[in-house]
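Welcome! Take a moment to look over the model below, and then we will walk through it together.

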Amino acid sequence: MSSDLIAPMPLLQVRNLTVDYIGENAIARAVNGIDFDIAEGEAFGLAGESGCGKSTVAFALARLTRLPGLVSGGSIRFRGEEVLDFGPERLRKYRWNEVSFVFQSAMNALNPVMRVSEQIMDTVRAHQPKATGDEVRARALEMFDLVGIPSRRLDDYPHQFSGGMRQRIGIAIAMCLNPRLVIMDEPTTALDVVVQRDIIEQICDLKNNLGFSVLFITHDLGLMIEFCDRIGVMYAGELVETAAADQILTAPRHPYTRALGQSFPPLTGPRRRLEGIAGSPPPLSALPQGCRFSPRCTSAVALCGIEVPTLQTDPQTKGQVACHLAQ
Amino acid sequence: MSSGTMNAEMLTVAPTVAPTVASTGAPAAILAMSHVDMDFTLGSGFLNRMTLRAVSDVSLSLHAGQALALVGESGSGKSTIARILARLYRQTSGTITRAGADVASFTAKDLATYRRDVQMIFQDPFASLNPTHTVGYHLERAIRLHRPNLSRPEVRDHIDALLTQVGLLPARSFAERRPHEISGGQRQRVSIARALSVEPSVILADEPTSMLDVSVRLGVLNLLADLKEHRKLAALYITHDIATARYFAEQTAVLFAGNLVEQGPSTVITETPQHPYTRLLIESVPNPANRITGTAPRRSQDIALRAPTSRGCPFVSRCPRATSICQTEMPVQTWLGDGHFVRCHNL
């Protein structure tokens, strides 16, 4: 539905992004040359098991990769500019003004001995040094209003808020400079379903009003499909499929996507046994030959253990899949 | 079927003493709690102290080869109930019965047997294993404590058999590994093996899969389901995920602020929920068939802490059906047949 509306220049263009973790005796390639775009106003999801490289990608996009992690290749273009070439000054502007982050445990991301007002105002001051004290405080109040927390609570400490409210404050801090891309790494994972539903509705409302793009990372495929426009599925550091969100469950093309979709017990119908995905993802130090999913794949053929499948784009759906059997 | 289609004849309001499952003719429970309250004292000093009622008048029973899921949000008292059943907390009032016998009358020897018989599996497989010891040591210690007469080779064989049973193969190699050398799902399998090592008849599993990846979650749940069936274990499955509750457990009980608000067969609870809180829970589960629009009204709210003197239904502040009686009186159980009950004034 949104594919016709994608502007010629995407907001973010990632090409052949490669991230390594340097060990004492070995190098583990956590992200192995992945490509994807995020359009203006689009919500793009990255799905996959723990350790598949989702968060590593997110950190690399914000240039937050630290040793032993190393972005060893590829390109990240933000509105056409190469992010990997940014110097300290340009990077400072890029971070938070243009790209901000909501972390999984916003509850732990807040400083427990600082009033939350200070923490929001700090962020504004750090990036807009010319703003006056009143302007900064007004902005903090506005952000509280935006995420639906009463303004009288602005000067409370983090422990005085519930988990859901702290996550809202994390979102407020991410929004306070009006970024164009918000990276959300498991923003609701630590919360109860009812609170999760509220927060995700709120994020969606903010996105509708402010028009930012989202990179959404979660292991909860159901939630991702509800929230995102497009989804990329990662396995062992590689992108194995990208598709419109509504296609991921109904018309998966990669066997891993299909297996992932069948790992969630349904809320209706007869109670029957599901098998999930046998085995576990390969350690990055001992990757299998050929397709990385082939040892766990129930439909693998001989070729899968020999040749690495490349990501192929379907001209009609614009979906991409890296599987010998889908081509 | 909606609540509107139900007529008064179908509803049988429970007498003052609510019938337990045992008294309705079902087989006797292996483990049961009856009218249990649990109070905690918060704060210190004379003025700041207050009493929190974490569990209020909860009755439930566990049966051989069956699982009961306890569902509710954080702070609703789910783990407290498991801890009372594991004798880690002593309830403020009410009784725990093991095969019909009141645990309060147990001798020290009976209690030792009880502790062996009722085993817990904890949420965090990263915190529940000692990082300095091998997998084999964790199992060996439990086996030696509860069965001191086994010889060394017998203990070893027992460890291998347990690891095989939980699918950690080759068993010898896993027995020699330390927790950091195995994955989260494998650690949870070790926790299950440790619980099984003393041959319990009841398993209390407190969010056993919530820290695990979706792809391994089913494997652990399937393992628990097989054990439940083959060993005729009674299981209490604590979770905030109503979909896995339905998947694993035959019965589901919904807990809100320490009160059981609805209980029944899992399929009935998820498909025709009657309590407004159960409905809210189910509506909140991510559903790939929906699309988030950002326009839905805000539904969550902090739960007010309950004191022993609190009156009325705990859900009243969030309830779309609330009427004046809800402010003052906790509803009794309304039985809807098939062991399904709901506590709501406005069905």
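Predicted model: local features only at pLDDT ≥ 70, side-chain atom pairs only at ≥ 80, totals over all residues.

Tyr247(B) sits in helix α8 of chain B, which covers residues 242-248. Once its neighbours within four places in sequence are set aside, Tyr247(B) is in contact with Leu221(B) and also with Pro265(A) and Arg271(A). Pro273(B) lies 26 residues away from Tyr247(B) along the chain, and 16 Å separates the C-alpha atoms of the two.

From here we can turn to the meeting of the two chains. In total, 38 residues of chain B are in contact with 39 residues of chain A. On the chain B side, the elements that give two or more residues are α7 (214-230), α8, α9 (266-271) and α10 (276-284) of chain B. Helix α7(B) provides the largest share of that side, with 6 residues. What kinds of residue make up the side of chain B that touches chain A? They divide into 13 nonpolar, 17 polar and 8 charged residues.

Now for chain A as a whole. Its secondary structure comes to 10 helices and 12 strands. The radius of gyration of chain A is 21 Å, close to the 20 Å that the globule rule gives for 327 residues, so chain A is as compact as a globular protein of that length. Its C-alpha atoms fill a box of roughly 65 × 50 × 45 Å along the principal axes. Of the 327 residues in chain A, 47% are buried. Among contacts in chain A with a separation of 6 or more, 64% are between residues 24 or more positions apart.

Chain A also holds an open sheet of 8 strands with mixed pairing, in the order β6-β7-β8-β3-β9-β10-β12-β11. Its edge strands, β6 (99-102) and β11 (312-313) of chain A, each pair on one side only. Within the sheet, β3 (residues 43-47) and β9 (residues 230-235) of chain A run parallel and are joined by 4 bridges. Ala47(A) has Val233(A) as its bridge partner in β9(A).

| Helix of chain A | Strands of chain A touched | Angle between directions |
|---|---|---|
| α1 (residues 54-61) | β3, β6, β7 (181-185), β8 (213-217) and β9 | about 150 degrees with β8(A) |
| α6 (residues 163-175) | β6 and β7 | about 175 degrees with β6(A) |

Conventions. Residues numbered from 1 in each chain as written. Chains lettered and ligands numbered in written order. Contact = placed C-beta atoms within 7 Å. Nonpolar A, V, L, I, M, F, W, Y, C, P; charged D, E, K, R; others polar. Rg over C-alpha atoms; globule rule 2.2 N^0.38 Å. Buried ≥ 20, exposed ≤ 12 C-beta atoms within 10 Å, placed from the backbone. Pairing = 2+ DSSP bridges. Axes fitted to C-alpha atoms, helices over the stretch in contact; angles between N-to-C directions.
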